[in-house]
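Hi,

Here is the structure I said I would pass on.

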Amino acid sequence: GNLGNMLGDIPFSKFAEMLGGYVVDVRAADHIQPALHRAREAIAKTGRSYVVNIWADPMEYAPRTKNQTMYK
């Protein structure tokens, strides 16, 4: 079943906001690397936390796990 697999839309970015840090939400794969680069620069410059919240399709599984029985 989906027990433990379907977490829903959890706004992990709120953790950084609660700690006074920075947040960026990423919804496209080609935006991940630039977001991580900006995060590293911001951390080095300010010393504050930075969350890169990467949104993924909850129905998509890692390529090597798709053939496992639990996902069929």
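Starting at the N terminus, the elements of the protein chain come in the order α-β-α-β. That gives 2 helices and 2 strands in the chain.

Before you read too much into the details, keep in mind that this is a predicted model. The mean pLDDT of the protein chain is 80, with 74% of its residues at 70 or more. Among the elements, helix 2 (residues 32-46) has the highest confidence, at a mean of 94. Helix 1 (residues 13-18) has the lowest, at 81.

On to how the chain packs. Of the 72 residues in the protein chain, 15% are buried. The chain exposes about 6,000 Å², and 57% of that comes from carbon and sulfur atoms. I also looked at the contacts between residues at least 6 apart in sequence: 61% of them join residues at least 24 apart.

The part I'd point you to on the surface is a nonpolar patch. Which residues form it? They are Ile10, Phe12, Phe15, Met18 and Leu19, and together they have about 540 Å² of accessible area.

One of these, Phe12, sits in the segment before helix 1. Is Phe12 buried, exposed or partly exposed? Its relative accessible area is 39%, so it counts as partly exposed, a label for values between the 20% and 50% cut-offs.

That's what I have so far. Happy to go through it together once you've had a look.

Cheers

Terms used. Residues are numbered from 1 along each chain as its sequence is written. This is a predicted model: local features need pLDDT of at least 70, side-chain atom pairs count only at pLDDT 80 or more; totals for chains, interfaces and linings use all residues. Side-chain values use heavy atoms; hydrogens and water are left out. Helices (H or I, at least four residues) and strands (E, at least two) are DSSP runs, numbered from the N terminus. Buried means under 20% relative accessible area, exposed over 50%, partly exposed in between (1.4 Å probe, protein chains only). Contact means heavy atoms within 4.5 Å. Accessible areas come from the Shrake-Rupley method with a 1.4 Å probe; for residues, only the protein chains shown count as cover. pLDDT is the predictor's confidence in each residue, from 0 to 100. Patches are made of residues with over 30% relative accessible area and no salt bridge: like charges are joined within 9 Å, nonpolar side chains (Val, Leu, Ile, Met, Phe, Trp, Tyr) within 5 Å. A salt bridge is a side-chain nitrogen of Lys or Arg within 4 Å of a carboxyl oxygen of Asp or Glu.
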